Amino acid sequence: MLSILRRLFRGRAAKAPVRTASDSPAETIERVDTAERIAILARGGFETEASTLETILDEYLTPDAIDPDDRRWVEAEVARAFARKREEEATWPLETDFDRLAIAFDALDAGGIIALHCAGYTRSDGISDAAEVCHQRRERGRASRGFVFYHGQDVESVLADQGLYLAFGAFDERDETMAAIAAEIVAAVEAQGLRTRWEGDVGKRILVHPIRWLKRSPSDDPREG
């Protein structure tokens, strides 16, 4: 997901103009905006503390131009965000809504529907990722009927309690196949106790709502996970 988030955050920080002169003052950052981006990465649950720091310093900001005090603040803010996240995770139920969604995705994937978590940042990113997985599996002799995914913008929306949209499709591009795949997705997700909204229109995504986004973050420790 690191490359996804790099696309997401590139150029989005509110910063002072970059100066090229060697005696230019260090660039300052908007701490409120940066803290919000750090919180999104932490709460999304796909990044480690180290990869979040790398994303913020190397992509969201301009590392060589950051004021030293700001750089130390970023490092501390990332540590604080993940410390808060770990404290929250200790209070979570053993199985969360994300865990239930993951079980549904695993079942769909086993049944020939490629199921991807946080596939890129846009719908086109997700479709491209699904097509790539389909090609890789075909080369190994594994057929895929269709796909389902959500992307980075959808993670932002679910963090804002707007539900989670699932995009889907069929590799034969037939409406009847897409409708059948959508029905399978709805059935698999609802079998895990989550609720969905879909009107039967293959041109519209499936909404999972309500859903409380509690995804445990991966560890930086290679001995874990």
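User: Where is A115?
Analyst: A115 is in strand 1, residues 113-116. Strands here are DSSP runs of E with at least two residues, and helices are runs of H or I with at least four, both numbered from the N terminus. This is a predicted model, where local features need pLDDT of at least 70, side-chain atom pairs count only at pLDDT 80 or more, and totals for chains, interfaces and linings use all residues. Residues are numbered from 1 along each chain as its sequence is written, and side-chain values use heavy atoms, leaving out hydrogens and water.

User: Is A115 buried or exposed?
Analyst: A115 is buried, at 13% relative accessible area. Buried means under 20%, exposed over 50%, and partly exposed in between, using a 1.4 Å probe and protein chains only.

User: What does A115 touch?
Analyst: Leaving aside residues up to four places away in sequence, A115 touches F105, D109 and V148. Contact means heavy atoms within 4.5 Å.

User: And how far is A115 from F168?
Analyst: C-alpha to C-alpha they're 9.1 Å apart in space, and 53 residues apart in sequence.

User: New topic: how many aromatic pairs are there?
Analyst: The count comes to seven. Rings of Phe, Tyr and Trp (its six-membered ring) pair if their centres lie within 6.5 Å; planes under 30 degrees apart are stacked, over 60 edge-to-face, and the rest tilted.

User: What kind of pair do F46 and F98 form?
Analyst: An edge-to-face one, 6.4 Å centre to centre with 90° between the planes. The pair links distant parts of the chain, with F46 in the loop between helix 2 and helix 3 and F98 in helix 5, 52 residues apart. F46 is buried at 18% relative accessible area, and F98 is buried at 10%.

User: Why is the F147 and F171 pair called tilted?
Analyst: Because the planes of F147 and F171 are at 55°, with the ring centres 5.6 Å apart. F147 is in strand 2, while F171 is in the loop between strand 3 and helix 8. F147 is buried at 8% relative accessibility, whereas F171 is partly exposed at 30%.

User: Back to F46: which cluster is it in?
Analyst: Ring pairs link F46 with F98, F105, Y150 and W213.

User: What sits over the ring of F46?
Analyst: The charged end of K215, 4.7 Å from the ring centre. For that, NZ of Lys or CZ of Arg has to be within 6 Å of the ring centre and within 35 degrees of the ring normal.
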